[in-house]
Structures are given as C-alpha cells and as structure tokens.
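Reader: Hi! I'm new to reading protein structures. Could you walk me through this one?

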Amino acid sequence: MIFFHQFMQKMRGSFKAVFGCFALVLCVLLSSCMTNANTESHGAENIAYLQIASSQYSKVEVILDGGEGFVAKTNDSAKRATTYEHTYKIAVGAHDVVIKADGEVIFSKKIFASSGEVKVVEVQ
C-alpha cells in the first residue's frame, strides 16, 4: 500500500497517474482472480450395439468375425422398435456375423455398425 501511495503522489494530476493507477489495479485484480480450471471433453463412446430380433427363436448363438460364439437372447420382432432389452455391445466397424439356432446357421452376413448405432439383425 505504501508503494501505491508513493506512486500516486508522484503522478498526481496527470493522465499518467490515472492510466497507471488503472493498470496497477487491473493487474492486481486479474492476478488475484486466476483459478486453475481444467476442462475435459468427451466424445461419443466408440461402441455400437447388436440386437437380434426373432419371432421364432428366444435364444441363438452369435459368432462375430469367426471368434468364439456367445448365446444371445432375442427380442420379439414385433417389439424391436420399442425395446432394446437384449442388446449387446460390439466394436464399431465391419463384422462377419453368423447366427446359429439349434446348431444350424440361420444367418450369415457382413454388417457395418457405426458409433452409437443399434444394429438389428432379424432372423426367422
């Protein structure tokens, strides 16, 4: 505070005093208001979803890209537009999908799933 008072005594009555005072106060205010704010940005999750719809089968075996199969519950074909009860996460991109029921291949096709997309495969 003493420095500020001495500064004002030397600059009293001039444009430099007003400008200098303003600059000094502005610097003090800005430096005292600094915060350490971190921001993070997250895009859409890089996951797609697979849903099997069928009015004939309640469970099927799904084989993605020739890998190990898994048992998937199916959704009723009539309700598939309104419910995603049995939906499975898959990687985004192209996949070779083979679906078996009772040991027999009932679906075999290459699909492409975009990020966030629910890819519905209907089997009969």
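Author: Happy to! One term before we start: a residue is called buried under 20% relative accessible area, exposed over 50%, and partly exposed in between. Also keep in mind that this is a predicted model.

Reader: How many aromatic pairs does the structure hold?

Author: It holds one aromatic pair. The partners are Phe70 and Tyr88, with ring centres 5.6 Å apart.

Reader: And why is that pair called tilted?

Author: Look at the angle. Planes under 30 degrees apart count as stacked and over 60 as edge-to-face, with the rest tilted. The planes of Phe70 and Tyr88 are at 55°, so this pair is tilted.

Reader: Where do those two sit in the chain?

Author: Phe70 is in strand S3, residues 70-73, and Tyr88 is in strand S4, residues 87-91.

Reader: New topic: what order do the strands have in the open sheet?

Author: The order is S3-S2-S5-S6, four strands with antiparallel pairing. S3 and S6 (104-113) are the edge strands, each pairing on one side only. On average, neighbouring strands here are turned by 35° against each other, direction ignored.

Reader: How many bridges join S2 and S5?

Author: Four bridges, with strand S2 covering residues 59-64 and strand S5 covering residues 93-101.

Reader: Nice. What about salt bridges, how many are there?

Author: There are two salt bridges. In one, the side chains of Lys110 and Asp96 meet at 3.6 Å, N to O. This pair also links distant parts of the chain, with Lys110 in strand S6 and Asp96 in strand S5, 14 residues apart.

Reader: Are Lys110 and Asp96 exposed or partly exposed?

Author: Lys110 is at 53% relative accessibility, so it counts as exposed. Asp96 is at 38%, so Asp96 counts as partly exposed.

Reader: And which residues form the salt bridge with closest atoms 3.7 Å apart?

Author: That's Glu117 with Lys119, counting between the closest N and O atoms. Glu117 is partly exposed at 26% relative accessibility, and Lys119 is partly exposed too, with a relative accessible area of 23%.

Terms used. Residues are numbered from 1 along each chain as its sequence is written. This is a predicted model: local features need pLDDT of at least 70, side-chain atom pairs count only at pLDDT 80 or more; totals for chains, interfaces and linings use all residues. Side-chain values use heavy atoms; hydrogens and water are left out. Rings of Phe, Tyr and Trp (its six-membered ring) pair if their centres lie within 6.5 Å; planes under 30 degrees apart count as stacked, over 60 as edge-to-face and the rest as tilted. Two strands pair if DSSP finds at least two bridges between them. Axes are lines fitted to C-alpha atoms, for helices over the stretch in contact, and angles run from 0 to 180 degrees between N-to-C directions. A salt bridge is a side-chain nitrogen of Lys or Arg within 4 Å of a carboxyl oxygen of Asp or Glu. Buried means under 20% relative accessible area, exposed over 50%, partly exposed in between (1.4 Å probe, protein chains only).
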